[in-house]
Amino acid sequence: MASGWFYLSCMVLGSLGSMCILFTAYWMQYWRGGFAWDGTVLMFNWHPVLMVAGMVVLYGAASLVYRLPSSWVGPRLPWKVLHAALHLLAFTCTVVGLIAVFRFHNHSRIAHLYSLHSWLGITTVVLFACQWFLGFAVFLLPWASQWLRSLLKPLHVFFGACILSLSITSVISGVNEKLFFVLKNATKPYSSLPGEAVFANSTGLLVVAFGLLVLYVLLASSWKRPDPGALTDRQPLLHDRE
């Protein structure tokens, strides 16, 4: 029954994650003029789409790899590779998203990293980079001892959840900041809740819902990988031939 609820949650997460990306892309396309790669504001429009796709949706999906029941048996290496690859794809989207916003700021002569949103965002990205390299070096490469992996695993899991939480916070603050910047004229102020504001706020709520469900699945004890006991990371979990 727990497995059934897990896969139902995965279906909901897949739907929510797709909606987060599609809603953000639609917002940028319909209300903000679309996309380009020329240093203008149309280049900036890639930033929210890629950050939501990378730091929230792909990051959340990568975090849940070890919650799949099929990952509980057999060798761990393929699941480790999938976990690392999804995170690397998320990080790649994030880097391209940062390039888009920095090039736009340079082109428009706007100061960098002055807002709380930018501070939260860059802190999250730095933590993500450190988390990925630590995970790759300790948990994927074969040199680390079982003792070191056991010592660092709780920290790895804790900071993984923290990074996702910071990503959600960064997205919400970014949505709010963008709306304050673009909806400040007298005819359609943010406070009057024009259509763009309602749509963007709804997109933010979708991001929050996705993130909270990911965190719930991560914290649900019945969906955690069973303790392999005395087996090491290099030994197959499926040791019983019954």
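Of the 242 residues in the chain, 43% are buried, a class defined by a relative accessible area under 20%, with exposed residues over 50% and partly exposed residues in between (1.4 Å probe, protein chains only). The model is a predicted one, in which local features need pLDDT of at least 70 and side-chain atom pairs count only at pLDDT 80 or more, whereas totals for chains, interfaces and linings use all residues. Residues are numbered from 1 along each chain as its sequence is written, and side-chain values use heavy atoms, with hydrogens and water left out.

The secondary structure of the chain consists of seven helices and zero strands, where helices (H or I, at least four residues) and strands (E, at least two) are taken as DSSP runs and numbered from the N terminus. The order of elements from the N terminus is accordingly written α-α-α-α-α-α-α. Taken along the principal axes, the box filled by the C-alpha atoms of the chain is roughly 70 × 40 × 25 Å. Contacts are counted for heavy atoms within 4.5 Å; among those in the chain between residues at least 6 apart in sequence, 72% join residues at least 24 apart.

The chain exposes about 13,000 Å², of which carbon and sulfur atoms supply 73%; accessible areas come from the Shrake-Rupley method with a 1.4 Å probe, and for residues only the protein chains shown count as cover. On this surface, a nonpolar patch is formed by Trp 37, Trp 46, Val 95, Val 96 and Ile 99, which together have about 390 Å² of accessible area. Patches are made of residues with over 30% relative accessible area and no salt bridge, like charges being joined within 9 Å and nonpolar side chains (Val, Leu, Ile, Met, Phe, Trp, Tyr) within 5 Å. Helix α4, which spans residues 77-108, gives the most to the nonpolar patch, with three residues. Val 96 lies in helix α4 and is partly exposed, its relative accessible area being 31%. Helix α4 is also the place of His 105, a residue that is buried at a relative accessible area of 15%. Leaving aside its neighbours within four places in sequence, His 105 is in contact with Ile 110, Ala 111 and His 112.

With regard to charge, the chain carries 15 positive and 7 negative charges, whose mean positions are 7 Å apart; Lys and Arg count as positive and Asp and Glu as negative, while His and the chain ends are not counted. The place of each charge is taken as NZ of Lys, CZ of Arg, CG of Asp or CD of Glu. A search of the whole structure finds one salt bridge, the term denoting a side-chain nitrogen of Lys or Arg within 4 Å of a carboxyl oxygen of Asp or Glu. The salt bridge joins the side chains of Glu 196 and Arg 32, with an N to O distance of 2.9 Å. Because Glu 196 lies in helix α7 (residues 195-219) and Arg 32 in the loop between α1 (2-30) and α2 (41-44), the pair ties together parts that are 164 residues apart in sequence. Glu 196 counts as buried at 4% relative accessibility, whereas Arg 32, at 24%, counts as partly exposed.

Leu 42 lies in helix α2 and is partly exposed, with a relative accessible area of 25%. The C-alpha atoms of Leu 42 and Arg 76, which are 34 residues apart along the chain, are separated by 43 Å. Leu 152, found in helix α6 (residues 146-182), is buried at a relative accessible area of 17%. When residues up to four places away in sequence are not counted, Leu 152 touches Leu 134, Val 138 and Phe 139; the C-alpha atoms of Leu 152 and Val 138, 14 residues apart along the chain, are separated by 8.4 Å.

Most residues other than glycine have a negative phi.
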